[in-house]
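Here are my notes on the model you sent over. I have put them as numbered points so that you can follow along with the structure open beside you.

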Amino acid sequence: MEDETRVQIGSEADVVRAAQQGGALADRLGFSRTERTQVVTAISEVAGNIWLYAGRGSVELAAADEPERVGLTVVALDAGPGIA
């Protein structure tokens, strides 16, 4: 499906790419400018944390189309040390 993607995170450039792809998905789903900015910021934060603290991982982005609302699902995956 066009509205599902996984971005591998291993560099700062990957963090930017994940945020850009999330913003593009938000645009396709009809999010407002404010909502798009919030999506991009959230993805930048989780992807940046993967890069800074785990070194490698991925961010999965998908449209979450429900009967009376449209959303965007973001899943951040890594094998980092976590919080003690």
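1. Let's begin with A18, which lies in helix α1. Helices here are DSSP runs of H or I with at least four residues, strands are runs of E with at least two, and both are numbered from the N terminus. A18 has a relative accessibility of 0%, so it counts as buried. Buried stands for under 20% relative accessible area, exposed for over 50%, and partly exposed for what lies in between, with a 1.4 Å probe and protein chains only.

2. A word on the source: this is a predicted model, in which local features need pLDDT of at least 70 and side-chain atom pairs count only at pLDDT 80 or more, while totals for chains, interfaces and linings use all residues. Residues are numbered from 1 along each chain as its sequence is written, and side-chain values use heavy atoms, leaving out hydrogens and water.

3. Which residues does A18 touch, not counting those up to four places away in sequence? They are V7, I9, I43, A47 and L61, where contact means heavy atoms within 4.5 Å. The C-alpha atoms of A18 and T5 are separated by 9.4 Å, and these two residues are 13 apart along the chain.

4. After α1 comes G30, which has a positive phi, near 85°.

5. Besides A18, the buried residues of α1 include D14, V15, A19, G22, G23, L25 and A26. An α-helix has 3.6 residues a turn, so residues three or four places apart point the same way. The buried residues of α1 pack against β1 (4-9), α2 (33-54), β2 (57-66) and β3 (69-78).

6. The largest nonpolar core has 16 residues, and I9, I43, V59 and L72 touch the most other members. Such a core is a set of buried Ala, Val, Leu, Ile, Met, Phe, Trp, Tyr and Cys residues joined through side-chain atoms within 4.5 Å. Two or more residues each come from β1, α1, α2 and β2, with α1 giving the most, five residues. Leaving aside neighbours within four places in sequence, L72 is in contact with G22, L25, A26, L29, F31, V39, A62 and A64.

7. On to the strands, which pair if DSSP finds at least two bridges between them. β1 and β2 run antiparallel and are joined by six bridges; Q8 stands opposite S58 in β2. β2 and β3 also pair in the antiparallel sense, over 10 bridges, and form a hairpin with two residues between them. Within this pairing, E66 stands opposite R69, and D65 has V70 as its bridge partner in β3.

8. Last, the whole chain. The elements run β-α-α-β-β from the N terminus on. The radius of gyration is 13 Å, close to the 12 Å of the globule rule for 84 residues, so the protein is as compact as a globular protein of that length. That radius is taken over C-alpha atoms, and the rule is 2.2 Å times the number of residues to the power 0.38. Buried residues make up 30% of the 84 residues. Of the contacts with a separation of 6 or more, 57% come from residues 24 or more positions apart.
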